[in-house]
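Please open the model in your viewer and keep the sequence panel at hand.

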Amino acid sequence: MFLQSINVLDVDLCVQQPDKFVAHTRASADLREIMPYLNSMFRTSTYNHDAGSIKFTNDKIEYTIIGDKINIAKFINRTELHELLDWLKDLVNDTYDSRSEIIPMYVCRKPVPVLFIYNLLPKTNCQQCGEKSCMVFAAQLNKLEIDIEACPILSEPEYTANRRRLEGAFGAFS
Amino acid sequence: MSIYLDNGATSYPKPESVYVSIAEYMRNNGASPGRGNYSRAMEADRLVYMTRKALCKLLCVPRPGQIIFTCNATESINMALKGYLKPGDRVLTTSYEHNAVARPLKMLETDREIKIGLIPSTPDGVSDMEWYQQELSKGVRLVVVAHGSNVIGCVTPLDEIVSAAHRHNTPVLVDAAQTAGVYPVDVTSVPVDMLAFTGHKGLLGPTGTGGLYIREGLELSTLKEGGTGGMSLSPFQPSDPPDRYEAGTMNIFGIAGLNAAVQFLLDTGVEVIREHEIELAQFLMDGLDTVPGVTYYGPSSAKDRLGLVSFNLEGQDPNKVAIKLDRDYEIMVRAGIHCAPQAHHLLGTAPGGALRVSLGYFNQREDIERLIDALREITYS
C-alpha cells in the first residue's frame, strides 16, 4: 500500500468559516509523486509542480497537500474529519494503483475569468440559481462552487451558444 | 467450576482482546477524545471513530456519524423517545417490551399526554399484524419494538413491522439490546429509523457502553447539552450528529473495550455466533423436555428464538430454584420478572416470574448438561 496512514496533528477553528474546522495532518508517505494524477482528476485543483503542492476542493471540503503535509478545511466535526481522511487515503492509494491509466497533468489550471463568465450570462438577476445576482453567480462559477446547470435560463434555446461557450471554457480545463 | 448462564443480563466472559484493550488504553493513553491537540488525544479520537466504523460494518449503518454513543440501551431509548415524541402523540409498541421502553413511555404518557397502543400478541410473541395495520392507518407518530424479547426469546419480524409503518410515514424505533451481536441486524436492508443497542450483552463489550443509530435526515431534540470539545465559544449545542447528542466526556475506556469486542464479532461472524446459539438453545430445550414438570415459554423451535429460554418447574418458586442452582451447583441463571412485567402478564407468570437461561458464545453443551442434571436433582429432592 502506497499510503499507510494519515495522522492528525491538530484541529482548529476554520478562519474563513468559524462554524467549521481545519485540521493539520501528516501522511506516512510523501505525496508529490501522485500530485500530477490528482491534478488531472480534479478540475478545482491548483497545482504547483516546483513547490510540490496541490490544492483542490471536493464536496465543499478544501484539501491542501504539500509533500507529506495535508491540511483539510471546512469540516463540521471530528467524526467527519476521520471519514474524510479515510476517503483521502483510499483516493491516494487508488490513484497510485491506477496511475498507468491516468494522464498526469503537470501544469496549473487557469481559472475562467469572472467577467468572461458574466458576459455569457442572461444578466436578468432572476435569482433562480439561488444567488443574489448574475455577477455573484459568475463569481461562484469561477470558484467552481456552483454548476452551470443551476442557471435555468442558460438551458433555453436562445442561450444555447452562450452555454456551449461556457461549457467549452470549463471543459477545456477539466 | 461455576457456569454463567445469564448472558441476557450481561455477557460473560468477554473476549480476551476486550480486557487487553481496556487495560492498554488505561495504562498507556488515558486521554479524553476530542479534548486536546496533543497526540494521545488524537489517538483517542481515532479510536472513537474506528469503533463507530466497526459498528457501522456490523449493523450495516451507512455513515459513522449516525452512531451516537450512550451509556447503554436505556439511555439510547430515552434519547429517542424523549427527543422525538411531542405532546398528544400516539405510539404503538408490543406487550413484551423491557422496562427500558415501557417506563419512559409511561412517563411520557403523564408528562406529554402521549397515547400508548399495545399490539396484541400471542404468548409466543407473534404480533397481530392485522390490528397493527389498522391502527397505523389511524395516525401513529412512532412504532417502538424490541427486536428480540428478553423473556420469551421471540424475534420480531422487523421487515413486516417497518414496511407497514413506512407505508403510513411512521418511523420505527427498534430496541436491539438482545439481538445486536448475536442476531443479524441490517439497518440498510430493513430501514429502521432508529436502533438502540447496548455494548455489554451480545456485543461482548463492557458495561457503560451503548449507542443509538439515527437514520440520516431524522433530527431529535437533545436529551442533554454540554461540552463536545469543539465550537466551545458557541453558547449552543452543535447541530450536527454525533456531537449534537454526545455532550460530556465519553466513556473512552469502555469504548476501547467495545472496539475490541466488535472487532472480535466481525472476525468471528455473527452468523457463526447465531448458529452456535441455535444449537445450544435446541440442546437446552431438548434437555428441559426430560425434566419432569418443566414448562418453557416462547417459540418451540430454537431457530425461531434467541439463545435464551424462560421456564418454570411445577410447584417450585423460580427465585428459590435460582438460589439453589447458585449455592449448590454454581450455576448462575436469572429468576423473576426480568424487567419486563408485561411479558410475564402475557405468559401468566406474574408476579413470581420465571427462570431464564440465556446462553452466550462461550457456553458449551457441557454447561447445559450440568444445568439439566441439577434441575433433575432439584425436581426429585
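Begin by selecting B:Arg63 and A:Glu83, which form a salt bridge with their closest N and O atoms 2.9 Å apart; a salt bridge here is a side-chain nitrogen of Lys or Arg within 4 Å of a carboxyl oxygen of Asp or Glu. Between chain B and chain A, four salt bridges are counted. On the side of chain B that touches chain A there are six nonpolar, six polar and seven charged residues, where Ala, Val, Leu, Ile, Met, Phe, Trp, Tyr, Cys and Pro count as nonpolar, Asp, Glu, Lys and Arg as charged, and the others, Gly among them, as polar.

This is a predicted model, in which local features need pLDDT of at least 70 and side-chain atom pairs count only at pLDDT 80 or more, while totals for chains, interfaces and linings use all residues. Residues are numbered from 1 along each chain as its sequence is written, chains are lettered from A in the order in which they are written, and side-chain values use heavy atoms, with hydrogens and water left out.

Next, display the whole interface. The contact (heavy atoms within 4.5 Å) takes 19 residues from chain B and 17 residues from chain A. The two chains bury about 1500 Å² between them, 50% of it on carbon and sulfur atoms; this is the accessible area (1.4 Å probe) lost on putting the two parts together, summed over both.

Now select B:Arg52, in helix α2 (residues 39-59) of chain B; helices are DSSP runs of H or I of at least four residues, strands runs of E of at least two, numbered from the N terminus. B:Arg52 counts as buried, at 3% relative accessibility (buried is under 20% relative accessible area, exposed over 50%, partly exposed in between; 1.4 Å probe, protein chains only). Which residue's side chain does the side chain of B:Arg52 join in a polar contact of 2.8 Å? The partner is B:Glu246. Residues in contact with B:Arg52 include A:Thr79, B:Pro242 and B:Met250.

Move to B:Asp6, in the loop between β1 (3-4) and α1 (16-28) of chain B. B:Asp6 is buried, with a relative accessible area of 12%. Beyond its neighbours within four places in sequence, B:Asp6 is in contact with B:Met332, B:Arg334, B:Arg356 and B:Ser358.

Finish at B:Gly226, in the loop between β8 (210-214) and α7 (252-268) of chain B. B:Gly226 is partly exposed, at 38% relative accessible area. Setting aside residues up to four places away in sequence, B:Gly226 touches B:Gln237 and B:Ala247.

Conventions
A polar contact is a pair of N or O atoms within 3.5 Å; within protein, one must be able to donate a hydrogen and the other to accept it, and residues adjacent in sequence count only if both atoms are side-chain atoms.
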